[in-house]
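I opened this model to look up its sheet, its helices and its charged pairs. My notes follow in the order I took them.

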Amino acid sequence: MPSLSERSRSFPPPRAWWSRRPPRARRRLFLSAVALSLLPFAPMTWAWASALGHHVTAAPGGGWLREVPAAPVALVFGAGLYHGSPSAMLATRLEIAAALYRSGKVRALLLSGDNGRVGYDEPTAMRDYLVARGVPAGVLVLDYAGFDTWDSCVRAREVFGARRATVVTQNFHLPRAVALCRTAGIDAFGVGDDSFPVWPGPTTAYAVREFGATAKGLLDAVVLRSSPVFPGPRETSLDAIVGARS
């Protein structure tokens, strides 16, 4: 039986294999390797490019409100409940939405969340939170089938008739939210909360999760043009508040 050193000499070193390839083949292999290494970043690049110039951070002090264009409605995405009440991050989104309404930047708030199982109702919890803080119930519209960001955006456009909207979320989610809503046909501007100083651990985890979530969003919105889980029927509750042509 040949020794280990003898067996190893029977295989050409990788460098020799590479040098025997024709220059054109080596170029193609190199470019393929580069393309594959960049592929995981393509969805994030798409989202950031789509949202570029269409979002702002809701910094303390309220000066950010001057940078937000007026829109008929703010679309607020659900972000989980804790013992039936909005999670801390969702509560922050709702505070931003309330500030937009009080400043006259929007006339209605579309609360889009998950009510897909018994005992879990994000939109109603969001409504109750805002009403308890003085936002009139009559300007709140609830979407109970906002199961993910793409569904929320498509339903906002096709079910509720939103054409222009200010989307409200956290900064780590903002590029995807704006990009998906704009792909769905909404002239969207985003306002985000910089959650990192308060919740660095969860924010980092959610930011990492955005790589996969944005890839799924790109697939749903651009490649498959997926329909939401519940695509309709058309509702006029938002039209009644802001007007059918807004």
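This is a predicted model: local features need pLDDT of at least 70, side-chain atom pairs count only at pLDDT 80 or more; totals for chains, interfaces and linings use all residues.

**Strands 7 and 8.** I then picked one pair inside that order. Strand 7 covers residues 164-170 and strand 8 covers residues 187-193. The two run parallel, and seven bridges join them.

Next I checked what packs on the strands.

**Whole chain.** I stepped back for the totals. The protein chain has 10 helices and eight strands. Of its 246 residues, 42% are buried. I looked at contacts between residues at least 6 apart in sequence, and 72% of these join residues at least 24 apart. The accessible surface comes to about 13,100 Å². Carbon and sulfur atoms account for 61% of that surface.

**Salt bridges.** How many salt bridges does the structure hold? I found eight.

Lys 216 and Asp 148 meet through their side chains, at 3.2 Å from N to O. Lys 216 lies in helix 9 (residues 200-223). Asp 148 lies in the loop between strand 6 (140-143) and helix 7 (149-158). The pair therefore ties together parts that are 68 residues apart in sequence. Lys 216 is partly exposed, with a relative accessible area of 44%. Asp 148 is partly exposed as well, at 28%.

Asp 128 pairs with Arg 127, and I noted 3.3 Å between their closest N and O atoms. Asp 128 is partly exposed, with a relative accessible area of 42%. Arg 127 is also partly exposed, at 29%.

Asp 239 and Arg 234 form another salt bridge, at 2.9 Å from N to O. Is Asp 239 buried or exposed? Asp 239 is buried, because its relative accessible area of 16% falls under the 20% cut-off. Arg 234 is partly exposed, at 42%. I also checked for shared partners, and salt bridges of that kind join Asp 148, Lys 216 and Asp 220 into one network.

**Arg 155.** My last entry is a single side chain. Arg 155 sits in helix 7. It counts as buried, because its relative accessibility is 6% and the cut-off is under 20%. What does Arg 155 touch, leaving out residues up to four places away in sequence? I listed Asp 143, Ala 145, Phe 160, Pro 228, Phe 230, Pro 231 and Gly 232.

Terms used. Residues are numbered from 1 along each chain as its sequence is written. Side-chain values use heavy atoms; hydrogens and water are left out. A salt bridge is a side-chain nitrogen of Lys or Arg within 4 Å of a carboxyl oxygen of Asp or Glu. Buried means under 20% relative accessible area, exposed over 50%, partly exposed in between (1.4 Å probe, protein chains only). Helices (H or I, at least four residues) and strands (E, at least two) are DSSP runs, numbered from the N terminus. Contact means heavy atoms within 4.5 Å. Accessible areas come from the Shrake-Rupley method with a 1.4 Å probe; for residues, only the protein chains shown count as cover. Two strands pair if DSSP finds at least two bridges between them.
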